[in-house]
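Have the structure open as you read.

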Amino acid sequence: MSKPYPPIYYSDYLQLDRLLNSQAPKSAEYGKPAHEETLFIIVHQVYELWFKQIIHELSSVVHMFAHDYIDEKNLGVAVARLVRVTEIQKLLVDQLRVLETMTPLDFLEFRDYLLPASGFQSVQFRLIENLLGMQPEQRLLYNKAAYYAQVSPDHQTVLRDSEQRDSLFGLVQRWLERT
């Protein structure tokens with residue numbers, strides 16, 4: 001019996017060549033390879049992959065609550081997806097323990113090559129905050145500037161646009177008021 005779809009190879013499906021070759025330590029570029037920099041890159045790339053999944057889950061729940069009528073079957077789906085987000089967050093916290101196996105001196109071996117880059121510039125993290133309902137007036141200034149001032153102009157646009165969209169908090173609040 002033939003299958004309706006052509007066969008696919010595991011490595012091709014997951015784009016492993018691309019994924020596993022996406023670590024480019026800056027210290028090596030400058031002729032001073034720091035062993036711990038690969039760990040640092042991978043941990044942060046994994047964070048960003050999980051952030052992508054969190055955004056995927058939250059966006060689907062936001063979409064469910066964006067309508068005046070919410071099918072009760074969707075409530076169970078929404079709860080399941082939010083439970084998934086909670087489990088991912090637990091993984092993210094546990095992942096810090098792996099990063100903590102790097103000493104401060106290990107980090108300083110390559111930190112100067114990364115300036116001024118910072119995890120504060122994670123656009124996806126900021127998108128998650130906005131999806132959940134963080135308001136601009138609730139944010140602290142960073143270097144006396146708005147949080148989005150630290151990212152590229154294209155990413156500033158993405159973040160500013162996300163502030164204007166409905167948040168999960170706002171949509172659930174409206175749903176509760178209607179209920």
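K144 sits in the loop between helix 7 and helix 8 (153-164), where helices are DSSP runs of H or I with at least four residues, numbered from the N terminus. Its phi is near 65°, a positive value in a residue other than glycine. K144 is also exposed, with a relative accessible area of 80%; exposed means over 50% relative accessible area, buried means under 20%, and partly exposed is in between (1.4 Å probe, protein chains only).

Before going on, some ground rules: this is a predicted model, local features need pLDDT of at least 70, side-chain atom pairs count only at pLDDT 80 or more, and totals for chains, interfaces and linings use all residues. Residues are numbered from 1 along each chain as its sequence is written, and side-chain values use heavy atoms, with hydrogens and water left out.

Q15 has a positive phi too, at about 50°, although it is not a glycine. You'll find Q15 in the loop between helix 1 (10-13) and helix 2 (16-20), partly exposed with a relative accessible area of 41%. Then there's the cis peptide bond joining L115 and P116, with omega at about 0°. P116 belongs to the loop between helix 6 (104-111) and helix 7 (123-132). For context, most residues other than glycine have a negative phi, and most peptide bonds are trans.

On to helix 8. This helix has 12 residues and reaches 17 Å from its first C-alpha to its last, close to the 16 Å expected at 1.5 Å a residue (the expected span is 1.5 Å times one less than the number of residues). Which residues of helix 8 are buried? They are L159, S162 and E163. These cover an arc of only 105° around the axis, so they end up on the same side of helix 8; the arc is taken from the directions from the helix axis to the C-beta atoms. The buried residues of helix 8 pack against helix 7, with contact meaning heavy atoms within 4.5 Å.

Now the rings. The structure holds 9 aromatic pairs. Rings of Phe, Tyr and Trp (its six-membered ring) pair if their centres lie within 6.5 Å; planes under 30 degrees apart count as stacked, over 60 as edge-to-face and the rest as tilted. F65 and W175 have ring centres 5.4 Å apart and planes at 85°, so this pair is edge-to-face. F65 lies in helix 4 (residues 35-65) and W175 in helix 9 (residues 168-178), so the pair ties together parts that are 110 residues apart in sequence. F65 counts as buried at 7% relative accessibility, while W175 counts as partly exposed at 21%. Elsewhere, ring pairs link F40, F107 and F110 into a cluster.

Two arginines sit over rings, as tabulated below. A charge sits over a ring if NZ of Lys or CZ of Arg is within 6 Å of the ring centre and within 35 degrees of the ring normal.

| Arginine | Ring | Distance to ring centre |
|---|---|---|
| R126 | F120 | 4.2 Å |
| R139 | Y147 | 3.7 Å |

Finally, have a look at L58 in helix 4. L58 is buried, with a relative accessible area of 1%. Not counting residues up to four places away in sequence, L58 touches L82, V85, I128, L131, L132 and L168. L58 and R84 are 26 residues apart in sequence and 10.0 Å apart in space, C-alpha to C-alpha.

Definitions and conventions. Helices (H or I, at least four residues) and strands (E, at least two) are DSSP runs, numbered from the N terminus.
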